[in-house]
Amino acid sequence: MVVLGVVVLLNLPLPASLRVKSESRDGFAPFQNGLSLAVQRGREWLAWVAEMKSREAERNRLRDQVAVLRDRILALEDAKRENEQLRRQMGFGQRSARRLIPCRAVFRGDTTGWWQTIRLNRGAADGIRPEMPVITADGLIGKTREVSDRACEVLLLTDPNCRVSCRLSRTGTFGILRGGGVALSGRPQIEMLCSVRPARLDYLPREEEVRRGDEVVTSGLGGVFPDGLPVGCVVRGRIDPSGLYQRADIALAADISALDHVFVVVGNHGAAAERKGE
Amino acid sequence: MALAVAAAGFLQAMFPPVRIFGQAKAPLLLSLSLYYALSRPAGVAMAAAFLAGFLQDALSFVPLGYSAFCFAIVAAVAGRFRKTVLTEAVVTPVFFGAIAGAAATLGLYVLLYRSDLACWPAGRLLAKTAGAGILGAACAPAVFALAGRLDRLVGLAREVEEFDGLE
């Protein structure tokens, strides 16, 4: 029976296999969410206890910051109004068709450790589909890969299997970014998933000047990632051992080691197509 | 058994991978299927291995059946020693956990590599295999103890003893 079961599993058609996985994952989702929430609350409580002393100073600092931000919001609202007015005058439509779905990372890594992933607490029921970009406030962190009704798996940028078409915003030079994986040695980290290897931007033309600190953004090519999402910055560039192209080490903008709340970008494909059309 | 497997899968998913061991994770599901292989008849052991493998695949990017296949082989091999080893002795789960952890990781890698799903440099693969062995040796005694306790709690341990002809 077991042998038959294994044979059936190994030969299941892909859609059926994905459906079985999706159902199993959904069965676990409520428990995972519950445990993740409990761990988060515990952490918050511990942090609250540990930071009792500095709370007063922090409150004052935040109060000042709120005042500054309030002022800035007013200025930005003014700028937005002006921007919209100018756009209307010039006949452009609404550019940003991006919708963000806020999610919480409930687990890090899959059960086997072969890939660098996180599991989010939202899924197809919330409008998430496979191959959608996932970002934080700092920049791109990866893309959704396997999506069930109430959860989804995100392949992180640090995984060598995750490849993204990018460009240097200063020169517009295109390249392919791939994760550097996790080194076996290096600075010890509490978050085991944290990548200590920079990502790599391959296939940059030999003749292009690549400077340290150059900003790297998504190129919009490939249909998964919209144009202009911040990815990171160049740490150093060098000629590939093959001698055919340059490659650059990239420090990612988002802190992959501390992922908690992230956003799935939906509706970007229309925007990308629109931009290409323009 | 199903409850124990579900709990092990849940905990395995929760524990972070260990960086210095090439991102290896604590093989709780494998340890549990080893426990059943060394303490139960072949049918039950294979069912546990199948269930544990299925769950591991369902909660990861591994295609369905790969882990079940590896766990079933490990369980079948371990089951051959069922009547010649003392499951209660600590050295048994340490030894079997180490061997099984490394073997299952290597076996799974071969399957993933053949499907173009994973291609790791030799050094990191070696670290992951060795790491899985070390984690297996560390986890298996705890899993054996907990699973044995659970069995005694629900009254299954006595049945096994009778089945093994120890009473």
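Two strands are said to pair if DSSP finds at least two bridges between them. Helices (H or I, at least four residues) and strands (E, at least two) are themselves DSSP runs, numbered from the N terminus. The model described here is predicted, so that local features need pLDDT of at least 70 and side-chain atom pairs count only at pLDDT 80 or more, whereas totals for chains, interfaces and linings use all residues. Residues are numbered from 1 along each chain as its sequence is written, chains are lettered from A and ligands numbered from 1 in the order in which they are written, and side-chain values use heavy atoms, with hydrogens and water left out.

Chain A contains a closed barrel of six strands in the order 6-7-8-11-10-9, with antiparallel pairing. From one strand to the next, the twist averages 40°; axes are lines fitted to C-alpha atoms, for helices over the stretch in contact, and angles run from 0 to 180 degrees between N-to-C directions. Arg167(A) has Phe174(A), in strand 7 of chain A, as its bridge partner.

Another six strands of chain A close into a barrel in the order 1-2-5-4-3-12, again with antiparallel pairing. Neighbouring strands of this sheet are turned by 45° against each other on average, direction ignored. Two bridges link strand 3 (residues 133–135) of chain A with strand 12 (residues 261–266) of chain A in the antiparallel sense, and Ile135(A) has Phe263(A) of strand 12 as its bridge partner. Helix 2 (residues 14–50) of chain A lies across strands 1, 2, 4, 5 and 12 of chain A and runs at about 80° to strand 1; contact here means heavy atoms within 4.5 Å.

In chain B, the axes of helix 4 (residues 66–79) and helix 5 (residues 91–114) come within 9 Å and cross at roughly 145°. Residues of helix 4 of chain B, including Phe69(B), Phe71(B) and Val74(B), meet residues of helix 5 of chain B, among them Phe96(B), Ala100(B) and Leu111(B). The residues of this contact divide into twelve nonpolar, two polar and no charged, where Ala, Val, Leu, Ile, Met, Phe, Trp, Tyr, Cys and Pro count as nonpolar, Asp, Glu, Lys and Arg as charged, and the others, Gly among them, as polar.

Aromatic residues of both chains come together in one cluster formed by Trp114(A), Tyr109(B), Tyr113(B) and Trp120(B). Rings of Phe, Tyr and Trp (its six-membered ring) pair if their centres lie within 6.5 Å. The charged end of Lys128(B) sits over the ring of Trp114(A), 4.5 Å from its centre, the criterion being NZ of Lys or CZ of Arg within 6 Å of the ring centre and within 35 degrees of the ring normal.

Key
Rings of Phe, Tyr and Trp (its six-membered ring) pair if their centres lie within 6.5 Å; planes under 30 degrees apart count as stacked, over 60 as edge-to-face and the rest as tilted.
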